[in-house]
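Hi,

Here is the structure I promised to pass on. Please open it alongside the notes below.

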Amino acid sequence: MRCPWGCSPMKSQTSFVLFLLVATGASAAQEPPHAGADYGAPPPSSAPQGSSQLRPGEARFDRVGRITLAEGEGTFALSGELAAGSFAEVTALDTGRTILVQVRGEGSGLVALSPAAAAQLGVATDAPVRIRRVTVTPQDTALLSAGRAAPTRADAPQALLVGLRRMLAEQPAPVRPAARPAQAAAAKPKPVKPQPVKPEPVPAQPARAEVPKPVPVKVQPAPKPAARGNLIVQVAALSNVQRARTLADQLGGSVRSAGNIHRVQLGPFADRAAAERARADAAKRGYGDARILSNP
């Protein structure tokens, strides 16, 4: 059977197959890049890498700016624009070196790197960088969450760095507080001529009144202390110090303690007669064992 155009069946089939191959190649050449790919991203390296593909609902974050330094141990970053717990890729615009960091908390400005992260990136404070949010692998997540450095990414190509530097140069300069105007120098005070001080009139002193002479007062000699007696009356000897003190207060005596024995005594008395009267009084109060002793 011949085809409508006058060709043989074998030639018709071959032409149709060639037509399909050419159409398929042209369609593939015109297919746009994947919607999730980042323009100008550095080429992947052989080490385990994360992805710049964002999670559903996550806004793209890609900025250029300058870093500050944060205080603390380990590899981490602080940011005033990225949420704590997110991961970011930081690229030094001077060298193209790229590292991964985890945002540990809120900071001032675009990004503040810890000393360890700045050393891994090879930059100092105020260095120009690019920072963008990325999704990292479980291995990198474990390292960064523990404050350890993840493997560095492939260096950014020079063509990309040129464009990023141009973006940074086109950004408006940060507004810094204006310096306070210098205070006007204080006017030099004019010298003040000292005014002559007029002496105040001295009031006339009143006549001195005669002071009566003091009358001598005879000082009476202090009475001699009574002679200390050498006799005492021992009323009781108790083992309870509180009971001994209570009894001494009732009889008007005192307590003399020696170890666990507390003796209630009256006196001392100057003579035997006074001691006898005290012993008799103690006996009337129920302490017939009271006896007279010499005062040591």
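In this predicted model, strand β1 (residues 62-69) runs antiparallel to strand β6 (residues 128-133), with 5 bridges joining them. R66 sits opposite P128 of β6. β1 also pairs with strand β5 (residues 111-113), this time in the parallel sense, over 3 bridges. There, L69 has L113 as its bridge partner.

Next, the cores. The largest nonpolar core holds 20 residues. V101, V111, L113, L121, V123 and I131 have the most contacts inside it. At least two of its residues come from each of β3 (87-92), β4 (98-106), β5, α2 (115-121) and β6. Setting aside neighbours within four places in sequence, L121 touches V90, A92, R97, T98, I99, L113 and V129. Another core, of 17 residues, lies apart from that one and includes V235, A236, L247 and L251.

Then the charges. The count of salt bridges is 8. One of them links R63 and E81, with the closest N and O atoms 3.7 Å apart. R63 is in strand β1 and E81 is in the loop between β2 (77-79) and β3, so this pair ties together parts 18 residues apart in sequence. R63 is partly exposed, at 36% relative accessibility. E81 is partly exposed too, at 45%.

Helix α6 (residues 272-284) contains both R272 and E276, 4 residues apart, about one turn of the helix. Their side chains form a salt bridge (3.7 Å, N to O). E276 also meets R279 in a salt bridge (3.6 Å, N to O). Those two are 3 residues apart in α6. E276 is partly exposed at 31% relative accessibility, and R279 is partly exposed at 27%.

Finally, salt bridges link R60, D62 and R130 in a network.

Best wishes

Terms used:
Residues are numbered from 1 along each chain as its sequence is written. This is a predicted model: local features need pLDDT of at least 70, side-chain atom pairs count only at pLDDT 80 or more; totals for chains, interfaces and linings use all residues. Side-chain values use heavy atoms; hydrogens and water are left out. Two strands pair if DSSP finds at least two bridges between them. A nonpolar core is a set of buried Ala, Val, Leu, Ile, Met, Phe, Trp, Tyr and Cys residues joined through side-chain atoms within 4.5 Å. Buried means under 20% relative accessible area, exposed over 50%, partly exposed in between (1.4 Å probe, protein chains only). Contact means heavy atoms within 4.5 Å. A salt bridge is a side-chain nitrogen of Lys or Arg within 4 Å of a carboxyl oxygen of Asp or Glu.
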